[in-house]
Amino acid sequence: MNMKYQSKEIYNTEMTAAVKEHYYEVLANLGENPNREGLRDTPERAAKAMQFLTQGYDMDPVAILEKAKFAETYNEMVLVKDIEVYSLCEHHILPFFGKAHIAYIPNGHIVGLSKIPRIVDVFARRLQVQERLTTQIADAMVKILDPMGVIVIIDCEHLCMSMRGVRKSEARTITSAVRGVL
């Protein structure tokens with residue numbers, strides 16, 4: 001039996017072709033040979049990677065949270081912590097990554113717990129700044145759930161600071177957004 005690995009990710013073929021051409025040109029302009037064995041398929045892989053890393057533009061946070069919104073009288077804090085965050089800095093298109101911690105106090109509705117990390121991905125899978133990412137998550141939670149309060153804390157390392165620029169690999173950025181009683 002000859003079984004091959006098959007990716008289940010779906011890509012826009014027109015976008016892949018267009019972005020692939022640009023990556024080919026970037027490699028050539030950097031002095032590389034985009035036709036050499038190790039780079040031959042890199043422009044297409046990079047085009048697909050960028051589509052994956054920016055798929056948040058095609059996601060609807062309202063639809064995600066509304067799908068799993070349930071009436072409930074629970075009115076104590078709900079905390080989902082240590083949610084992995086992977087995003088791209090819009091200034092350098094370099095990754096930043098870390099953890100998000102999100103807490104809310106329900107006001108008649110709760111949301112399925114898995115939807116909270118999904119909301120992080122909706123906004124993180126866009127070209128971002130951490131400050132905006134933090135507020136977008138908090139504002140989406142407020143808009144859809146109308147909780148008594150929400151707090152979002154994000155702690156990330158930015159490769160634009162670690163790999164280039166000031167080159168401070170241990171520097172972390174912590175942002176917060178607080179809404180309502182929290």
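The lining of the largest pocket comprises four nonpolar, four polar and two charged residues (Ala, Val, Leu, Ile, Met, Phe, Trp, Tyr, Cys and Pro count as nonpolar, Asp, Glu, Lys and Arg as charged, and the others, Gly among them, as polar). The model is predicted: local features need pLDDT of at least 70, side-chain atom pairs count only at pLDDT 80 or more, and totals for chains, interfaces and linings use all residues. Residues are numbered from 1 along each chain as its sequence is written, and side-chain values use heavy atoms, with hydrogens and water left out.

**Exercise 1.** Describe the setting of Gln-51.

*Solution.* 
Step 1. Gln-51 belongs to helix α2 (residues 42-53); helices are DSSP runs of H or I, at least four residues, numbered from the N terminus.
Step 2. With a relative accessible area of 12%, Gln-51 is buried, because buried means under 20% relative accessible area (1.4 Å probe, protein chains only).
Step 3. A polar atom of the Gln-51 side chain lies 3.0 Å from the backbone nitrogen of Asn-12.
Step 4. Gln-51 and Asn-12 are both among the residues that line the largest pocket.

**Exercise 2.** State which elements give two or more residues to the lining of the second largest pocket, and classify that lining.

*Solution.* 
Step 1. Residues lining the second largest pocket include Cys-89, His-91, Gln-130 and Cys-160.
Step 2. The elements giving two or more residues to this lining are α5 (130-145) and α6 (159-162).
Step 3. By class, the lining of the second largest pocket has five nonpolar, five polar and one charged residues.

A pocket is here an open set of points on a 1 Å grid over the protein atoms alone where a 1.4 Å probe fits, with protein on both sides within 12 Å along at least five of seven lines; lining residues have an atom within 4 Å of a point.

Note on methods:
Buried < 20%, exposed > 50% of the residue type's maximum accessible area, 1.4 Å probe, protein only. Polar contact = N/O pair within 3.5 Å; in protein donor to acceptor, adjacent residues only side chain to side chain.
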